[in-house]
Amino acid sequence: MLNDDQIRSDLAKLKEIVKTHKAPEANLATHQEEIDGIQYEVFSKAPSNLYELYKLGLQCSDDTFLVYLEERYTFAETLDMAARLGRALIQEYQVKPGDRVAICARNSPEWCITYMAATIVGATIVPMNSWWKGSELEYGLKDSGSKLAFVDHARFEEIEPFIKSLDLNIIIIKPEKSVCYQEFHSLLRQAAPLSDKEIQAIEVTPEDHASIMYTSGSTGHPKGVLSTHRNIINALYTWRFVKEINDILRPELVEKNPENQPALLANVPLFHVTGSHAQFLASFVYLRKFVMMYKWDVLDALSLIEKEKISIFHGVPTMTWEIMQSEKFKSTDLSSLRGVNSGGAARPPEHLKMMLEKFPPKAIPGLGYGLTETNAIGAIISGKFYEAKPHSTGRPTPPVSEVKIVDIDGKTLGSNEVGEICIKGPTVMKGYWNKPKETAEVLKDGWFFSGDIGLQDELGFLVIMDRAKDIVIRGGENIGCAEVEYAISEHPAVNEVSVFGVPDERLGEVPYAVVMLKSNSELNDQEMIQFLKPRIAAFKIPINYKFQFDQLPRIASGKIAKKKLRNEVILKIESD
């Protein structure tokens, strides 16, 4: 494990590598550009729009790109289908640049092809949460002003009662009953592909709108996060930059003459930035195979890792945990894995320790931090750095993004001072769709105010303490739920845990923990309290617990449904 002096030495090397990589003559060169009156560092040689990104796949045109159940499509076949659908959008549905096109569907090749086709013709793609119910889908379709929606059978049944209230054309993906709308593949068969010349004539610029992705707001309706082609592509090239400098810093980990094509298991919903950006769109940059799961299932995941020679496993931390706990883990061939990465939630240090023990040595663990509003960019950590700093989510991602910590008045704080995390860079959203007031509250002089609480240590590593709105304020003392969860998860009987605040007459609010125990384990309140006393301050220790053997409920992204748990506990407290 690296000590601080070794980390400083590596960071000095890293600084020189970054400097060389962003030089004007380098493939990943950067330059200053003014966007909406703000100066940003941007990638100079990145594709100017998403169509130019998709064409990168033609370098390996006959290699497999999309895999879904028994379906397999090469890079060339996928782009051909997207170009055919692009012509249909223009000729059959009169889609023009700037029009919104929605996808209301679970993961599938059709989802990917729709995303590509819409952005090729200059439309703004609107990926809808496939876990939403009819009224929620109706809201998203109306709020975005979508002109056309691609809908699978299950989502069609949800929105069918609302269709009359929507000024909307519909295309059905794999219908399971007769409907009076155009079917996806018949539309594709009827259209000739747009030529490169025809697509270039549309003239999609870096600052044109590319997507509206809805955040799962804690109150009220979700907000649509509007991003440009530049926002998304600079996020993809940030990950490429980080990979290349890590390969230089740790050459012993670079696989020489790999036998298999790089492959990623697409195990999270495509309507989240992890799925659409870090998994799907980034696969064009790395020329890798994109193996889709319809929904998360640990046994299916293990089977696909072995069958498809998956090199990158990337999901929320609970997925990695479930894989390690599976009875099939030891008997599965995991030798193809080169990275086991997570994002979207904190990973307890004990999980990392177990990963280092259980996964093959070449399967390097990693963790990322980002938000929908930043197109998933913020900080990243992997390998020896992660092993040495297990509580951190990494250093700010070079070379075009910046991170700072500010106090309640917006003043920049120093090392190890806790405040709100702010992010600046060309990956930060254009704003919230049709919400100028909400946009102004979080975008200030180019900085996105995340609402997340954290600190940067003296070496620049970012530590996430909690969501600002999730902090438990117990008698005036702030308690970070993540810190308490980390401590509880160290108990050998604990499988997973969620901590949140519940009302208290005397103190205003106190922490409460719902704990999933490992099978055949026993634990009670007093035993847990005694276990925590030497680990965290007394005022942070929950007094009340709910122990269970069932897995904690999840939201669509795979994260623990903390709000649902909290509401259930409060209702029970009030009824007792």
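**Aromatic pairs, helix packing and buried segments**

When neighbours within four places in sequence are left aside, Ala-487 is in contact with Phe-531, Leu-532, Arg-535 and Ile-536. The model described here is predicted, and in it Ala-487 belongs to helix H16, which spans residues 481-489. With a relative accessibility of 6%, Ala-487 counts as buried, because the cut-off for that class is under 20%.

Aromatic rings were examined next. A pair of aromatic rings is described by the distance of the centres and the angle of the planes. With centres required to lie within 6.5 Å, the count comes to 20 aromatic pairs. In one of them, Tyr-115 and Phe-280, the ring centres are 6.0 Å apart and the planes stand at 90°, so the pair is classed as edge-to-face, the cut-off for which is over 60 degrees. Because Tyr-115 lies in helix H4 (residues 109-120) and Phe-280 in helix H10 (residues 273-286), this pair ties together parts that are 165 residues apart in sequence. Tyr-115 is buried, with a relative accessible area of 0%, and Phe-280 likewise counts as buried at 0% relative accessibility. Phe-280 also pairs with Phe-290, the ring centres being 5.6 Å apart and the planes at 45°, so that this pair is tilted. Since Phe-280 lies in H10 and Phe-290 in strand S13 (residues 289-292), the parts tied together in this case are 10 residues apart in sequence. Both Phe-280 and Phe-290 are buried. Tyr-115, Phe-280 and Phe-290 belong to one aromatic cluster, which is formed with Tyr-54, Phe-65, Phe-75, Trp-111 and Phe-284.

Charged side chains are also placed over aromatic rings. The charged end of Arg-106 sits over the ring of Tyr-294, at 4.7 Å from the ring centre, and the charged end of Lys-223 sits over the ring of Tyr-432, at 5.1 Å from the ring centre.

Helix H10, which carries Phe-280, also packs against helix H9 (residues 229-249), the two axes coming within 10 Å and crossing at roughly 70°. H9 and H10 are therefore roughly perpendicular to each other, and H9 passes H10 in a right-handed crossing. On the H9 side, Ile-232, Leu-236, Tyr-237, Trp-239, Arg-240 and Lys-243 meet His-277, Ala-278, Leu-281, Ala-282, Val-285 and Tyr-286 of H10.

H9 has a further helical partner in H1 (residues 4-21), with the axes of H1 and H9 10 Å apart and an angle of about 125° between them. That angle makes H1 oblique to H9, and the crossing of H1 and H9 is right-handed. Here Asp-10, Lys-13, Leu-14, Ile-17, Val-18 and His-21 of H1 meet Phe-241, Glu-244, Ile-245, Ile-248 and Leu-249 of H9.

Definitions and conventions
Residues numbered from 1 in each chain as written. Predicted model: local features only at pLDDT ≥ 70, side-chain atom pairs only at ≥ 80, totals over all residues. Heavy atoms only, no water. Phe/Tyr/Trp six-rings, centres within 6.5 Å; stacked < 30°, edge-to-face > 60°. Helix = DSSP H or I, 4+ residues; strand = E, 2+ residues; numbered from the N terminus. Buried < 20%, exposed > 50% of the residue type's maximum accessible area, 1.4 Å probe, protein only. Lys NZ or Arg CZ within 6 Å of the ring centre and 35° of its normal. Axes fitted to C-alpha atoms, helices over the stretch in contact; angles between N-to-C directions. Parallel < 35°, antiparallel > 145°, perpendicular 65-115°, else oblique. Left-handed = near helix turned anticlockwise from the far one by under 90°. Contact = heavy atoms within 4.5 Å.
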